[in-house]
Amino acid sequence: MAEQTRYEELIRQFSAFGAVKREIGRMMPSECPSGSAAVLTLLGRYGDMRMSRLSELLAVDMSVTSRHVAHVAARGWIERSPDPADKRSRILRLTPAGQALLDQLSRRTCRLLAERLSDWSDDEVTQLTALMARLRASFDDTRAHGPEPRPPAPPVLEQTTRTPATTQ
């Protein structure tokens, strides 16, 4: 039971973490919702990529990725160009305007975190970062290997000899 209590507290903390995400979201420009910021961040971190790769990194369906990409492309923050290896695919890349916005978002977020964590030691911030990365990796590992297989259904032990009713 102690183990369950520990995980229940973790669940409460995950739920409360939503307030942190909402505060970060409120400081974002209104034209750049969190999904758009995530697209810019991933392109900034990993460079040019196909939409399928971006969808994997976002861990969302391709249709959701397409909406995010359309939003940022319409604002000139990314460009889509034909993939030389496969003309049916598109390569996504940050534009200078997208990089400038990404830099601005990064500065805003860092400033907010520095403000809110001003009473934390450098070691505590480093430890939190490492633990969050480890948590994320644990979930990435699960996603890569798929869900745990379900146990087989138990065999049906009761058999009936009644004739099923017919509907007319």
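## The largest pocket

A pocket is an open set of grid points, where a 1.4 Å probe fits, with protein on both sides within 12 Å along at least five of seven lines. In this predicted model, the largest pocket has a volume of about 2400 Å³. Its lining comprises 48 residues, and those closest to the centre of the pocket are Phe17, Lys21, Ile24, Met132 and Arg136.

Sorted by class, the residues that line the largest pocket are 30 nonpolar, 11 polar and seven charged.

## Overall architecture

The protein contains six helices and three strands. Followed along the sequence, these elements give the pattern α-α-β-α-α-β-β-α-α. The protein has 168 residues, of which 23% count as buried.

## Helix H5

The buried residues of H5 are Gly98, Leu101, Leu102, Leu105, Thr109 and Leu112. When the helix is viewed down its axis, the buried residues of H5 fall within an arc of 100°, so they line one face of the helix. Turned away from this buried side is a face of H5 that carries the exposed residues Pro96, Arg111 and Ala114.

## Cysteines

A disulfide is a covalent bond between the sulfur atoms of two cysteines. With a cut-off of 2.5 Å between cysteine sulfur atoms, the count in this model is zero disulfides.

Cys110, with a relative accessible area of 48%, is partly exposed.

## A positive phi at Ala59

Most residues other than glycine have a negative phi. Against this background, Ala59 stands out: this residue has a positive phi of about 60° although it is not a glycine.

Where does Ala59 lie in relation to H3 and helix H4 (62–74)? Ala59 is placed in the loop between these two helices. The relative accessible area of Ala59 is 39%, so this residue is partly exposed; that class lies between the buried limit of 20% and the exposed limit of 50%.

Definitions and conventions:
Residues numbered from 1 in each chain as written. Predicted model: local features only at pLDDT ≥ 70, side-chain atom pairs only at ≥ 80, totals over all residues. Heavy atoms only, no water. Buried < 20%, exposed > 50% of the residue type's maximum accessible area, 1.4 Å probe, protein only. 1 Å grid on protein atoms, 1.4 Å probe; cavity = no way out; pocket = protein on both sides within 12 Å on 5 of 7 lines; lining within 4 Å. Points joined across faces, edges and corners; volume = space filled by probe spheres on them. Nonpolar A, V, L, I, M, F, W, Y, C, P; charged D, E, K, R; others polar. Helix = DSSP H or I, 4+ residues; strand = E, 2+ residues; numbered from the N terminus. Arc of directions from axis to C-beta.
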